[in-house]
Amino acid sequence: MAFKERVFSGVQPTGNLHLGNYLGAITKFVALQDQYDCIYCVVDMHAITVWQDPAELMHATREVTAAYLACGIDPTKHIVFNQSQVAGHAELAWICNCVARLGWLNRMTQFKEKVGKDRENVSVGLYDYPALMAADILVYRATHVPVGEDQKQHVELTRDIATKFNNDFGASIAAHGYGDAFFPLPEPLIQGPATRVMSLRDGAKKMSKSDPSDYSRINLTDDADAIAQKVRKAKTDPEPLPSEEKGLETRPEADNLVGIYAALNNTSKATVLGEFGGAQFSTFKSALVDLSVAKLGPIGAEMKKLVKDPVYIDGILADGSERANAIAAETMKAVKDIVGFVRR
Ligand code: TYM
């Protein structure tokens, strides 16, 4: 069955939006707007799987919304909203819970990495997080999901849940006139030179909001001085840059900086090495500072301006939620019929 093409993705409002979020996800969100109907969510229900201070959560929700807008997402042509304003996410998550198998969730590497040895003490929500993520995507019957590399396994789990739902309820899906499949199998969109941006302090670690060292990441709200300092202090090795991509294979820090430069400049690592092959890091880092400041400076400034107007931001989220809810409510009616829930 052919499904209407639709993009869905989300970002958690947990503070410190960084270059990884920008290059791995938000720039992709922006680019997809020309080709698809897009729904971009601020996933506040995901955020509370670990403790969030309520006032900070509200602020961070508005800040992620501001980042979406500052980066160029158009909330009038597309949908921008926060997850908790659309009940369908939680409703469908329960059904996803009953379709997903315990063994599938036990294989989620992000959960294992996050909890380490503290397994008994984390929230049930953190464990169940991928089922809510599946519901986010499926409640809009989205076909494409732009994410960074670290979310690939979660999108694959979403495909498994969709497949099992379509199979388990196949007869009911057909009886209700939805053909042979109700949910599309969403495609993860993970492309380009910066799908996994690494820490500036350690090329083996992902750049992340929760890294205790602020020098490990470039935040979207960092000013020019902070960006310059962080890039100059970024870990490197003593060799000049190679001229070919193969020369980056055993040099994770160099690979990361070249990937960041390529992504910011909308080009490939090969092109960057064509220009900087043989150069010392000091030269390359100066160019990277200039490029980062030129690209991120205006975004940070616009974000800071937008968050000063919470009434405007909340208005965008309210309007987006209303339109998101109209789509989600349609899906939920159909899902209830398919599952066998009596409804009004
Ligand atoms: P979150 O909030 O951790 O990250 C938001 C997006 O940024 C990407 N990302 C990165 N990309 C490259 N390099 C990095 N170092 C890096 N760090 C983060 C993430 O891959 C993500 O695309 N579970 C999701 C949010 C979510 C979602 C969804 C996404 C909830 N429901 C449905 C897509 C569809 C998350 O925690 O992203």
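**First stop: a loop residue**

Select Asn-266, which counts as exposed at 73% relative accessibility; buried means under 20% relative accessible area, exposed over 50%, and partly exposed in between, with a 1.4 Å probe and protein chains only. The model is a predicted one, in which local features need pLDDT of at least 70, side-chain atom pairs count only at pLDDT 80 or more, and totals for chains, interfaces and linings use all residues. Residues are numbered from 1 along each chain as its sequence is written, and side-chain values use heavy atoms, with hydrogens and water left out.

Asn-266 has a positive phi of about 60 degrees although it is not a glycine. Its place is the loop between helix H11 (252–264) and helix H12 (269–276); helices (H or I, at least four residues) and strands (E, at least two) are DSSP runs, numbered from the N terminus. Next, select Arg-141, another non-glycine residue with a positive phi, here of about 45 degrees. Arg-141 lies in the loop between H7 and strand S4 (144–146).

**Second stop: the ligand**

The ligand is surrounded by 28 residues, and the closest are Gln-12, Tyr-129, Asp-136, Asp-150 and Val-197.

At Gly-20, a backbone N or O atom lies 3.1 Å from a ligand nitrogen atom. At Met-207, a polar backbone atom is 3.0 Å from a nitrogen atom of the ligand. The protein covers 96% of the 700 Å² of accessible area that the ligand has on its own, as given by the Shrake-Rupley method with a 1.4 Å probe.

Now show the charged side chains. How many salt bridges does a search of the whole structure find? The search finds 20, a salt bridge being a side-chain nitrogen of Lys or Arg within 4 Å of a carboxyl oxygen of Asp or Glu.

Select Arg-62 and Asp-314, whose closest N and O atoms are 2.8 Å apart in a salt bridge. Arg-62 belongs to helix H3 (residues 54–71) and Asp-314 to helix H14 (residues 310–339), so this pair ties together parts that are 252 residues apart in sequence. Arg-62 is partly exposed, with a relative accessible area of 24%, and Asp-314 is also partly exposed, at 30%.

Move to Glu-156 and Lys-152, a salt bridge with its closest N and O atoms 3.9 Å apart. Both residues lie in helix H8 (residues 152–168), four residues apart, about one turn of the helix. Glu-156 is partly exposed at 35% relative accessibility, as is Lys-152 at 34%.

Finally, select Asp-222 and Lys-230: their salt bridge has its closest N and O atoms 2.6 Å apart. Are these two residues buried or exposed? Asp-222 is buried, with a relative accessible area of 12%, and Lys-230 is buried at 3%.

Technical notes:
Near = heavy atom within 4 Å. Polar contact = N/O pair within 3.5 Å; in protein donor to acceptor, adjacent residues only side chain to side chain.
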